[in-house]
Amino acid sequence: MSGSPDRGRARDERTDDWVEEHVEEGLEAIAGRALRPLARFVESSRASQGPVYRDSTVARITDDLALDAWIERGGLREDALEAFLASYLTWCTRLHHPGFLAHQIAVPRAESAVADLVSGMLNNGAAVYEMGPSAIAVEQSILGWMLGTARFRVDGSGGSGVLTHGGTLANLTCLLGARMAAAPEAWTSGVPRDLVVLASPAGHYSIARALSILGLGSDALIELPCDALGVVDGSRVGAAIDAVRESGRTVMAVVANACATATGLHDPLDAMGRACRERGVWLHVDGAHGASALLSQRHRHLLAGVELADSLSWDAHKMLGVSALCAAALFRDPRGAGRAFQQHADYFADIEGGQINPFDSTLECTRSGLGLRLFLTLGALGERGLGEHVAGLYDAARLAHEVLSRESDFACPYEPQSNILCFEYRPSETRSPDGAGDAAVDVEALRRELSRRGDFLLSSATVDGRRCLRLVVMNPLTDRHVLERLVDAVRSCHGGAQG
Ligand SMILES: *Cc1c(COP(=O)(O)O)cnc(C)c1O
């Protein structure tokens, strides 16, 4: 039944039937219906049951879930709702499965999922103070904590930031700040043609995309000198900046990876930071994935020198067990976040009054309260617990390296620094005696076969010119046993994929 026959009906003419059809079940009842199948799904995934990923097509799922019929008829409620959600889940990718090793997305903890429910029901925003006072207070505390962790804020002062829907938006926001510093006139009269950005070729595509959006064009991205794995050579950054300047162009920013998406390897922030400081150049650190290593005592050295940066992007929905999206654009300058967007700079006056209106720091107008996801997770685990969570995932990638390196038919092009590791499978029949004429395994066919069997999901990447399988350990349940089973699974899939 569509709603149209009711449209002209006055309130006092509404019958009990109308009310029954239009008033929703209470929150507790509906949440309970969603919770039962959801909790079963998560628990079975944790127990390695069900396929990590179920290969299908949009058409098949649309049909199986009768999506078009529900849109047309309505009435998806009560038992039908519960049954629908149960079917919906059967097509979902199981991030809580220990064999989910493909992508950099958190295996969310229940605290952050509950924050989603709470924020969703309240719909309190985080752009204008009176639309979400507690959401904005939580966001400011979270930002203060992140700024302190990055040492952009010392002894309670310095730094500024904003939470964003993802690292892509955080990178754009930070680079807007860099553009404001290098060419403040760009906001009103357009972008000067000589602006360039220096970054590693291993940078995330969101950097090149941001340059296009910012009006520099992706051609304005100049590659920094780096090694075969795409790690920037810190000793040559100063000379690279000088050379660009001598050619008459203006360096808007240097971008460092912490860490690079494909390999999980870190650029040398200290050397890059010093080269930039000496020359007055903005250093942006893309820490979307790896800034979380700052929380682990054993791993924070990977970001040594981050305090020299001018801006940092940092995703909580990757390494911190937080549901997507929750990222931060952080600036060392206390006014940096507010300078990224110019229309509402006068709202700074309100900060002194304790009522912060972050909409001058963000691309978005209506903006959800992103901070609660991270806050409830951090509140439950504490800073140390969260650091141990990161360290545990990083340790598991080292374990994967150890397990794979022991096998003569596997090879790792590098030792992992984070929880990301690329590796090659080289069964003996593909290897020539002198190593020169190695035939490559069809990585994509292998990956597809692996996911079709349902126990593992991996990704792939090109490292030093070679197509590799790529694993990203996001799940604390991924242990030695799981990794040893991966070795067997790859071997047996290779046979299957060939046959
Ligand atoms: C994931 C990632 C991004 C993009 O972040 P989203 O939250 O997916 O938008 C940017 N940079 C790096 C280095 C990343 O790993």
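**Spaces and ligand**

Q: How many cavities of 30 Å³ or more does a search of the whole structure find?
A: The search turns up 1 cavity of 30 Å³ or more. Keep in mind that this is a predicted model.

Q: OK, and what volume does the largest cavity have?
A: About 30 Å³.

Q: Which residues line the largest cavity?
A: Its lining is made of Val-162, Thr-164, Leu-169, Thr-173, Ser-361, Thr-362, Leu-363 and Glu-364. Strand E1 (160-164) and helix H8 are the elements that give two or more residues to that lining.

Q: How do those lining residues divide into nonpolar, polar and charged?
A: For the largest cavity, there are 3 nonpolar, 4 polar and 1 charged.

Q: Switching to pockets: how much space lies in the largest pocket?
A: About 920 Å³. The lining of that pocket has 29 residues, and Leu-38, Val-42, His-96, Pro-108 and Ala-113 lie nearest its centre.

Q: Which helices supply at least two residues of that lining?
A: Helix H2 (27-46), helix H5 (78-90) and helix H6 (110-122) each do. H2 gives the largest share, with 10 residues.

Q: And how many of the pocket's lining residues are nonpolar, polar or charged?
A: The pocket lining has 22 nonpolar residues, 3 polar ones and 4 charged ones.

Q: Now the ligand. Which residues are closest to the ligand?
A: Gly-167, Thr-168, Asp-286, Asp-315 and Lys-318 are the closest, out of 15 residues that surround the ligand.

Q: What does Gly-167 do there, in terms of distance to an oxygen atom of the ligand?
A: A backbone N or O atom of Gly-167 sits 2.7 Å from a ligand oxygen atom.

Q: And what about the side chains of Asp-286 and Asp-315?
A: In the side chain of Asp-286, an N or O atom is 2.7 Å from a nitrogen atom of the ligand. For Asp-315, a side-chain N or O atom is 2.6 Å from an oxygen atom of the ligand.

Q: How much of the ligand's accessible area does the protein cover?
A: On its own the ligand has 380 Å² of accessible area, and the protein covers 87% of that.

Q: Which elements give two or more residues to the shell around the ligand?
A: Helix H8 (167-182) and helix H13 (316-319). The largest share of the shell, 3 residues, comes from H8.

Q: Last one: how does the shell around the ligand divide by residue type?
A: The shell has 2 nonpolar, 10 polar and 3 charged residues.

Methods:
Residues are numbered from 1 along each chain as its sequence is written. This is a predicted model: local features need pLDDT of at least 70, side-chain atom pairs count only at pLDDT 80 or more; totals for chains, interfaces and linings use all residues. Side-chain values use heavy atoms; hydrogens and water are left out. On a 1 Å grid over the protein atoms alone, a cavity is a set of points where a 1.4 Å probe fits but cannot get out, and a pocket is an open set with protein on both sides within 12 Å along at least five of seven lines; lining residues have an atom within 4 Å of a point. Grid points are joined across faces, edges and corners, and a volume is the space filled by probe spheres set on the points. Helices (H or I, at least four residues) and strands (E, at least two) are DSSP runs, numbered from the N terminus. Ala, Val, Leu, Ile, Met, Phe, Trp, Tyr, Cys and Pro count as nonpolar, Asp, Glu, Lys and Arg as charged, and the others, Gly among them, as polar. A residue is near a molecule or strand if one of its heavy atoms lies within 4 Å of it. A polar contact is a pair of N or O atoms within 3.5 Å; within protein, one must be able to donate a hydrogen and the other to accept it, and residues adjacent in sequence count only if both atoms are side-chain atoms. Accessible areas come from the Shrake-Rupley method with a 1.4 Å probe; for residues, only the protein chains shown count as cover.
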